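The sequence and the structure are shown first.

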Amino acid sequence: MNDFVSVRTTSARLSRWILWLATYFAALAGTLATKHTDGDWDYFVDMSKQLAGDAGLSVYAQNPRIQSGPISLLAVRILSIDLWTSRLLIALVFAGAGLLSIGILYRLRALKYGPSAGHDLTALVGGVVLMFWWSFLRSFGHLDDAMVLTIAAVALWSALTGQRRLMTAVLIGVALAIKPWAIFLLPMTLHRADWRTRRGLYPLVSIAVGSLLWAPFFIADPGTLDGMRPTVRLAPDSVLRLFGFAGEELSPLLRVGQLVLALVIVTVGAWRGRYITGLLAGVAVRLAMDPGTWNYYATGFILVAVAWDLCESRSRIPWLGLVTSLALAPLWVYDQPETRAIVRLATSMVAVSLVLWPTRVRFASATSSTSVSDPPAQVSVAPYATAHVSC
């Protein structure tokens with residue numbers, strides 16, 4: 001009997017290593033073997049040098065096209081130091097962020113179905129799908145989006161387990177100083193039962209941290225606000241074209257409306273306890289209302305779609321991640337602009353409708369698993385470990 005248990009334990013550990021290695025090499029290969037190797041990276045490097053140079057705190061007023069916060073510019077500056085500048089190093093950083101994000105989703109799946117489920121074929125397929133899209137963040141040089149999406153994965157874990165909410169609120173505040181669209185992560189630290197308690201103030205903690213990080217720039221030069229103006233050209237396959245938008249210049253109110261609507265939808269999802277679907281719908285709103293349609297824009301949508309597959313769907317196949325990957329396929333798959341816009345709109349509408357879908361899931365108790373291959377987790381996941389909750 002002991003020999004049988006030992007074989008099962010060894011087999012489980014081997015499958016776990018295979019899973020992680022396959023996911024990691026998918027991430028690394030995607031970041032290295034790509035058609036575009038620089039994207040906006042050199043531009044961000046230049047802006048980071050200006051931040052540390054003559055422009056200083058006026059860097060955003062002088063360069064309103066940055067669309068990336070000071071924390072991301074500091075991270076780019078560190079990675080672009082001449083002493084260790086290396087494409088391989090940068091690729092490893094991007095791949096590592098992607099691996100951390102999918103690892104968090106694996107952990108959430110394990111909490112729902114038990115430890116072994118976090119390392120099954122469903123998780124592997126979902127992870128590889130996400131890593132394919134994650135490679136576009138590297139190919140376009142957007143470390144800022146990779147950082148925010150990793151924090152979004154942490155926020156999902158915190159929301160669904162009830163753990164480290166204050167830490168997550170601080171991280172979301174940091175995300176606000178990485179990328180402005182991170183504002184719709186604010187409701188991820190809200191729980192409906194806490195609205196009369198101090199814990200209902202966690203979003204204010206995020207706002208305070210974000211404001212503190214941005215304050216020196218706004219005080220030094222009020223022109224920093226110009227960064228809220230959309231600077232991306234209206235793409236031929238943008239959903240906005242289906243509603244009559246045309247031309248190069250778009251009103252700054254479009255960006256504000258996009259973020260406010262996404263924030264409202266994510267708040268509704270959080271209020272109902274539907275964190276995954278709420279965040280998915282919020283990202284869908286951004287996807288549908290953005291004038292740009294670059295491939296890396298879809299990575300956030302795929303991240304939350306895979307999270308939905310792993311935490312809400314009962315299917316062994318991550319259908320939502322696979323279907324949305326086909327629907328939002330890169331331009332080199334199918335390039336008819338109007339068709340792409342219609343499919344993008346339909347995909348976004350489906351995501352928004354999921355907020356109202358009556359899906360309920362049970363997260364496994366950390367001490368209830370009888371798996372032989374994994375020891376019981378030593379962390380508490382209350383109140384979600386022992387009760388039905390909606391993601």
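## Helix 8 and helix 9

Helix 8 (residues 165–176) packs against helix 9 (residues 202–220) at an angle of about 35 degrees, and their axes lie 7 Å apart. Axes are lines fitted to C-alpha atoms over the stretch in contact, with angles running from 0 to 180 degrees between N-to-C directions. Helices are DSSP runs (H or I, at least four residues) numbered from the N terminus.

The crossing of these two helices is right-handed, the near helix being turned clockwise from the far one by less than a right angle. Residues in contact (heavy atoms within 4.5 Å) include Ala 169 and Gly 173 of helix 8 and Ile 207 and Gly 210 of helix 9.

## Basis of the model

This is a predicted model, in which local features need pLDDT of at least 70 and side-chain atom pairs count only at pLDDT 80 or more, while totals for chains, interfaces and linings use all residues. Residues are numbered from 1 along each chain as its sequence is written, and side-chain values use heavy atoms, with hydrogens and water left out.

## Helix 6 and helix 13

Helix 6 (residues 121–139) and helix 13 (residues 319–327) pack at about 25 degrees, with axes 9 Å apart. Helix 6 is therefore roughly parallel to helix 13 (an angle under 35 degrees). Val 125, Val 129 and Trp 133 of helix 6 meet Gly 321, Leu 322 and Ser 325 of helix 13.

## Ala 298

Ala 298 lies in the loop between helix 11 (275–289) and helix 12 (299–311). Its relative accessibility is 4%, so Ala 298 counts as buried (under 20% relative accessible area, 1.4 Å probe, protein chains only). Not counting residues up to four places away in sequence, Ala 298 touches Trp 133, Leu 287 and Leu 328. Trp 133 also belongs to the helix 6 contact with helix 13.

How values were computed. Buried means under 20% relative accessible area, exposed over 50%, partly exposed in between (1.4 Å probe, protein chains only). Angles under 35 degrees count as roughly parallel, over 145 as roughly antiparallel, 65 to 115 as roughly perpendicular and the rest as oblique.
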